Amino acid sequence: HWGPGVRLIVSKPPVVSMMGPEGGPESGSTIYLEGVNLAEAATESAKCRVGSTEVDADINEDGVACRVPAMAPGTVPVLILPNGRDVIHTSSYTVKPRPALLRAEPMIGTMTGGHLITVHGSRLASLKSARCSFSGVLSAAEVINGGLRCVQPPLDEGTYSLTIDSALGLLEPVLRYEVLSSVRVDSLAPSYGYASTIVEVAGRFSDLEAPLTCLFGSNEANASLVSDTLLKCTAPESSPKRVSLRIRDARGRLSEGKTYHYLSPIQIHAVARGEAVEAGKDGALTITGLGFPDTPQLACRVDDMLYDATWMASHLLVCAMPPLAAQQTNYTVFVTSNGVDFVPYQGIIEAAGMGPIMQEDTVEDAEDPVQETGVVVLAVAPPSAPASGGHSVKIHLSAPLQGVVACRFGAITRPARFISDDVATCATPSLSGDVLFSFEEDDTVIPFAN
């Protein structure tokens, strides 16, 4: 008599013919095994052992699939256990270091895009279907020596997360990429001036939407676009001060600011001719007034010729005289602080060699004893000045002096100082009425040449 028995299923031995891939990244991947009788021999307990870690195996008609967990780089054994117990195949799997990002060059672009960006990192050449990702906006990348290269697409202004997207996913660490507005100001010419000064603004103005506006602080002025790199605007009214000049387009995009300095208006009170100390050399024009700024472009224009000006004080300039200027008075004199705005002198150009005349008053030579040294006063300029005082007088001498020098206006003495070997200057006092003028060294009067 036979009792109930156990049904035994006998399968043909399973054989693995191929496993792949043979390696993958640190983050893990899936390996696939193909062969014969794998599905027939598999049970619900089918496992893959990767190194010391066992993972469930997915068995189907096409073969076996196992998920390799995240592991440190290196080579590990792979064992296939269709029934969770018996090993039928042993192979090896190489865990490859994951590509990583180091830096990108450049890290700044503009809204228009089109900039070539090189991304440096480790093992980037091994990536398949790599693309640059600007916070999800993709651009195809190509392998070059030293990394990957891609082209920045058009983007809005802002900060973006730059990384590489590939079959491995998004690489780390994520890099920072800055997109700047296409509005940029590099320089102003001139950077100082007045209301109504025409200012040329150099920079980058592509992609601007008209109308354009120049902002002088809080004051607005229309801008005229000359090219993608140059525009012009006229400075609006303002008191003397420094303001930030920025460019704004119709979309409200603003450039960074550049400083524009509103100057005090120039006033010219008098222009006097100085005689040449040496024969064959030109003399100088002495210009008195108010608001003369000490700028690199400070100059005098005589008719159509420009001459450098020497700044002495905010109320005194000395300019080189053009040839034969000492023999004529019919030329026109201008002063400019920036090479753009020219202020004309409307009065009469005084002759050289006279003592200064206080406004509406007559100056007579001093009657004090004179020094017998051979040094004489060749010219004094200007020969007139406002009675309010504080205006510089320039004294040209035939030779240097070594003592303490001073100017005397009647009973009032003002200290003088030398601005060159044989030219001194002093300031007029506040007075009116007839006065005598003299130039002294150690309380001794220096005579006039004439």
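## Around Asn-338

A polar atom of the Asn-338 side chain lies 2.9 Å from the backbone nitrogen of Val-340, and the backbone oxygen of Tyr-192 is 3.1 Å from a polar atom of that side chain. Both are polar contacts (N or O pairs within 3.5 Å, one able to donate a hydrogen and the other to accept it; residues adjacent in sequence count only if both atoms are side-chain atoms).

This is a predicted model, where local features need pLDDT of at least 70 and side-chain atom pairs pLDDT 80 or more, while totals for chains, interfaces and linings use all residues. Numbering runs from 1 along each chain as its sequence is written, and side-chain values use heavy atoms, without hydrogens and water.

Asn-338 sits in the loop between strand 31 and strand 32 (342–344); strands are DSSP E runs of at least two residues, numbered from the N terminus. Asn-338 counts as buried because its relative accessibility is 5%, with buried meaning under 20% (1.4 Å probe, protein chains only). Beyond four places in sequence, Asn-338 touches Pro-190, Tyr-192, Gly-193, Tyr-194, Thr-197 and Gln-297 (contact: heavy atoms within 4.5 Å).

## The largest nonpolar core

Let's turn to the core. The largest nonpolar core has 21 residues, and Phe-292 is among those with the most contacts inside it. Such a core joins buried Ala, Val, Leu, Ile, Met, Phe, Trp, Tyr and Cys through side-chain atoms within 4.5 Å. Elements giving it two or more residues include strand 26 (267–273) and strand 31 (333–336).

## The whole chain

The protein chain has 43 strands, and 43% of its 450 residues count as buried.

Notes. Buried < 20%, exposed > 50% of the residue type's maximum accessible area, 1.4 Å probe, protein only. Helix = DSSP H or I, 4+ residues; strand = E, 2+ residues; numbered from the N terminus.
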